[in-house]
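Keep the structure open while you read.

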Amino acid sequence: MKPLRSLSGLIDFDCAARWGSFKLAARELHKTPAAVSLQVKQLEEAIGFPLFVRHPRHIALTAKGQELAIVVARMLADLRGKVAALQRGNEEAVLRISTTHSFAIKWLVPRMSRFTKLHPELDLRIDSNDTPVDIEDDAVDVAIRYGPVRDDDPALLFRERLVPVYSPDLLAEGQDALQLSDLTRFPLLCERTPESWLQLLNENRALKGDYDFSRTYSHWGVLAQAAVAGQGIGLVPYGIAFEDIRAGTLLQLACRSAPFGYGYRLLVNPHKEAMTKVQHFREWILAEMAAMKATIA
């Protein structure tokens, strides 16, 4: 395989992939269609596999081409963002936050307006993904990651507890709240396995019962949304359910919550730690977490 000696082939490929056409890509790049096609062909020769299926009147990405297009688009966006920030000469104005999908959707994004009101000078870049992050990558200033935690960890933001929650739509007419005895009447929504439910039932001395554990979900955020939609009673980390509980779209079952060995950690790029934007975000998220901790039973 030939080594990649130029980014021009990747730029032409990205443009052609977005337009689905060498002709339209050529217009954007101010080149001829033949020049774009040649750059893509040379890139294909260098990497050793085709990126497009070429039809008489159009082109279509191959399966590998689709995968590479996603990576190249993200890489070029990061590159352009970095160049733009450097051209502005104000790296302090851009805050790049990496976090998990569920935390971004159910906790961080709903309250980011409060942060931007405090610091309107900052341009936010939120990247949500569940893969490990290289905290020393220049594209990341801070990262919030979910996983096993220790109380003595200086990076610890919040140790989770599991709480059962449900939609108000599950209440019968005239009923104010569901009780532990109602758990046998509805599906108990699980994250992958019913193990956490069994722990909560044991905490509340309610293991005996004909429970329905037939509905499982791969992400806490999806499970919480299923509970909001009235598909059953969900057992979710308090942080994931917090905004919905506060908004009233979820109600919390009156029982003991279950301890959980997982939580959230704040990771800071060691090269950015002294930057004002990072200090502002650290102070803000610690205050938000403290306020949430004060509400958990």
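Q: How many helices and strands does the secondary structure of the protein chain come to?
A: This is a predicted model, where local features need pLDDT of at least 70, side-chain atom pairs count only at pLDDT 80 or more, and totals for chains, interfaces and linings use all residues. Residues are numbered from 1 along each chain as its sequence is written, and side-chain values use heavy atoms, with hydrogens and water left out. Helices (H or I, at least four residues) and strands (E, at least two) are DSSP runs, numbered from the N terminus. The secondary structure comes to nine helices and eleven strands.

Q: What radius of gyration does the protein chain have?
A: The radius is taken over C-alpha atoms, and the globule rule is 2.2 Å times the number of residues to the power 0.38. For a compact globule of 297 residues the rule gives a value near 19 Å. The C-alpha trace spans about 70 × 50 × 35 Å along its principal axes. The radius of gyration of the chain is 25 Å.

Q: What percentage of the residues of the protein chain count as buried?
A: Buried means under 20% relative accessible area, exposed over 50%, and partly exposed in between (1.4 Å probe, protein chains only). The chain has 297 residues. The buried share is 43%.

Q: What percentage of the contacts with a separation of 6 or more comes from residues 24 or more positions apart?
A: Contact means heavy atoms within 4.5 Å. The count takes in contacts in the protein chain with a separation of 6 or more. Residues 24 or more positions apart account for 73%.

Q: Which residues of helix 6 are buried?
A: Seen down the axis of helix 6, the buried residues fall within an arc of 140 degrees, so they line one face of the helix. The arc is that of the directions from the helix axis to the C-beta atoms. Their cover includes strand 6 (156-166), strand 7 (188-191), strand 9 (233-237) and strand 11. The buried residues are Ser196, Trp197, Leu200 and Leu201.

Q: Which residues is Ser196 in contact with, leaving aside its neighbours within four places in sequence?
A: Ser196 sits in helix 6. Its relative accessibility is 18%, so it counts as buried. Beyond its sequence neighbours, Ser196 is in contact with Leu162, Leu235 and Phe260.

Q: How many salt bridges does the structure hold?
A: Side chains of opposite charge can pair when their charged atoms come close. The rule for a salt bridge is a side-chain nitrogen of Lys or Arg within 4 Å of a carboxyl oxygen of Asp or Glu. The structure holds 20.

Q: Which residue meets Glu243 in a salt bridge at 2.3 Å, N to O?
A: The two side chains link distant parts of the chain, with Glu243 in helix 8 (residues 238-247) and its partner in helix 5 (residues 101-118), 132 residues apart. The partner is Arg111.

Q: Which residue forms a salt bridge with Glu203?
A: The closest N and O atoms are 3.3 Å apart. Glu203 lies in helix 6 (residues 195-203), and its partner lies 53 residues away in the loop between strand 10 (251-252) and strand 11 (258-268). The partner is Arg256.

Q: Which residues is Met289 in contact with, leaving aside its neighbours within four places in sequence?
A: Met289 belongs to helix 9 (residues 276-293). At 1% relative accessibility, Met289 is buried. Its C-alpha atom is separated by 10.0 Å from that of Tyr264, 25 residues apart along the chain. The contacts of Met289 are Phe103, Trp107, Leu157 and Phe158.
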